[in-house]
Amino acid sequence: MSRIRSVATSTVRDRRAFLAATGAVSLSAGLGLALRPPAGEAEAAAGTATTTHGSPAAASRRAPAAPLAPYTRGTTLASVAAPRPGSGFRRLGDGPAWPRVVRGELAAPRAGRAGRRTALASFVQFTDLHLVDVQHPLRYEYLRAQTASAWRPQESLSVAGAVSLVERVNALRGAPVTGSPLHFVMTTGDNTDNNARTELDWFLKVMSGGRITPNSGDPDRYEGVQDSGLKLYWQPDAALRDADKQLGFPRVDGFLAAAIRELRSPGLNLPWYSTVGNHDSLPGGCYAPGDSFLTDFAVGGRKLMALDEQVGAALWKNVRKGRDPKGAGFREMLKSRTRDMRSVTPDERRAPFTPAEYLRAHLDPAHTGAGPTGHGYSQANIDAGTQYYTFRIADGLLGVSLDTTDPGGHYEGSLGTAQLRWLERTLRAAETDKEHVVVFSHHTSRTMRNLREDPAHPGERRHGGDEVLALLGAHRPVLAWVNGHSHKNDITPHPAPDGRSFWEVSTASHVDFPQLARVIEIVDNHDGTLSLFTTLIESGAPHRTDFADLSQTGLAALYRELSFNAPGARADLNGRAGDRNTELVLRKS
């Protein structure tokens, strides 16, 4: 028991010593202040990322100097990217704002609370960034006809889009509702797309700052499906009438050269923490790691770009149903189609990373950025072979980061018994200390149905979302379970008869439209209730695009517009109004 607890943090009594030892910063300064801004001051302190063609916005790490007060500008409370009238390829522009919806399923909102409330904490959630090495040989773009997620026309711009999201956060003037300082950013997994070292390096530099060249293989040219001459994929630089151009996609001369050009990220001006997702842990996001053939193929010089539709349909059915968790069928399919593959430049940097390598990369001083060292992970995680931990959000408020990936394979998740018991002990200690808890994970409660055994822990039971919900609901300290994976905005109340209730907050991805992140603020209403305010934000890139603008900012804008127009993209990922900008009321335990 003591061994497991040491994995993530020390006991409750010496948590402060742990935070100091790992370099975590104190987040409690300035909290608990009454928030009653003078009338008319709200919009005077509005925050927004300023972008100009040819240069990135908010290049400095420092947030704009302005009084902290409630504001809407720079958030979806002011404007949201929306399609302009037309057909075919739709251009985006400034659309109507999403209003804030008060939800009282767990506790009745009481009059006058706005004048009483005090801030407890505020933070930003990133999720499902999916930074993609689009030239990676293990990618299965050829399944595009079976699933839109196999290949997206915007993927080659994922790094530019993520940098623009960092710029947006750096430009925010505190939390939108309370005006309190933003304390940290949490990524809730699928930071990378294909468990590749290239992608991990790009992710860490996006978050902590640095120069990034989103290219692998040949250092001077793109070698992937978008210059293949295959009509299945958008060929942006070519005159070829491919399937996407038939739907109105433009020809953009110079697109591929711009997509692999060096970018610069300022890095977040806030501390940030990391939670692992299935695409970070598993090749392709679904196959059990450690297969030597797949590892050799990833760094090799052959890439399959086309596949018979019938074979593709059978392959995707096995993936979707979890019938091939170890990738045996995928491996045999690749071996049988060597003659159909195209030559690409081999690159050792495309190798898959192990969990230990993932942890060591986070602990590398080169990636500390605004801190903390390790971004939640510690040497204790490496020693114990775990990827879950706790961290101090503020006085009386504990963050818990879970590892819901299943090393046995498949894209859905679960928890092993050791982690579930650790979580139970953590919640009991918080209950004893009268602390509140926010839980972070990649998978949602509905997508934790994969109970396949972890090969590294034979005989250990796996536990699904229903068991996790029951455990969280049995402990009064839990306020929220914040997650991603579904790529959709969805907020679910989880009530219990004795008043032990919490909110599950799932947020859309930053690879599929609408490409969002979420600000979450926790306040005490001083009437027996707490409120969680959720406010969605977009990247700092302008809504309108210019096909001639291939600057870093222009590419980030195009990333969003391409994602809106991607064939097969789901139209429901925005969620309902009550899943977007909200006030979520719950009882104070």
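**Salt bridges, then a sheet**

Modeller: Arg 197 and Glu 357 form a salt bridge, with their closest N and O atoms 3.1 Å apart; the term stands for a side-chain nitrogen of Lys or Arg within 4 Å of a carboxyl oxygen of Asp or Glu. This is a predicted model, in which local features need pLDDT of at least 70 and side-chain atom pairs count only at pLDDT 80 or more, while totals for chains, interfaces and linings use all residues. Residues are numbered from 1 along each chain as its sequence is written, and side-chain values use heavy atoms, with hydrogens and water left out.

Colleague: How many residues apart are Arg 197 and Glu 357?

Modeller: Helices (H or I, at least four residues) and strands (E, at least two) are DSSP runs, numbered from the N terminus. Arg 197 belongs to helix α5 and Glu 357 to helix α11. The pair therefore links distant parts of the chain, with a separation of 160 residues.

Colleague: Is Asp 490 buried or exposed?

Modeller: Asp 490 forms a salt bridge with Arg 446, the closest N and O atoms being 2.8 Å apart. Arg 446 lies in the loop between β14 and β15 and Asp 490 in strand β17, so their pairing ties together parts that are 44 residues apart in sequence. Buried means under 20% relative accessible area, exposed over 50%, and partly exposed in between, with a 1.4 Å probe and protein chains only. Because its relative accessibility is 16%, Asp 490 counts as buried.

Colleague: Which helix holds both Arg 421 and Glu 424?

Modeller: The side chains of Arg 421 and Glu 424 meet in a salt bridge at 3.7 Å, N to O. The two residues are three apart, about one turn of the helix, and both lie in α13.

Colleague: Which strands are at the edges of the open sheet?

Modeller: Seven strands form this sheet in the order β3-β21-β20-β19-β4-β5-β8, with mixed pairing, where two strands pair if DSSP finds at least two bridges between them. The edge strands each pair on one side only, and they are β3 and β8.

Colleague: In which sense do β4 and β5 pair?

Modeller: Strand β4 covers residues 118–126 and strand β5 covers residues 185–188, and three bridges join them. Gln 125 stands opposite Met 186 in β5. The sense in which β4 and β5 pair is parallel.
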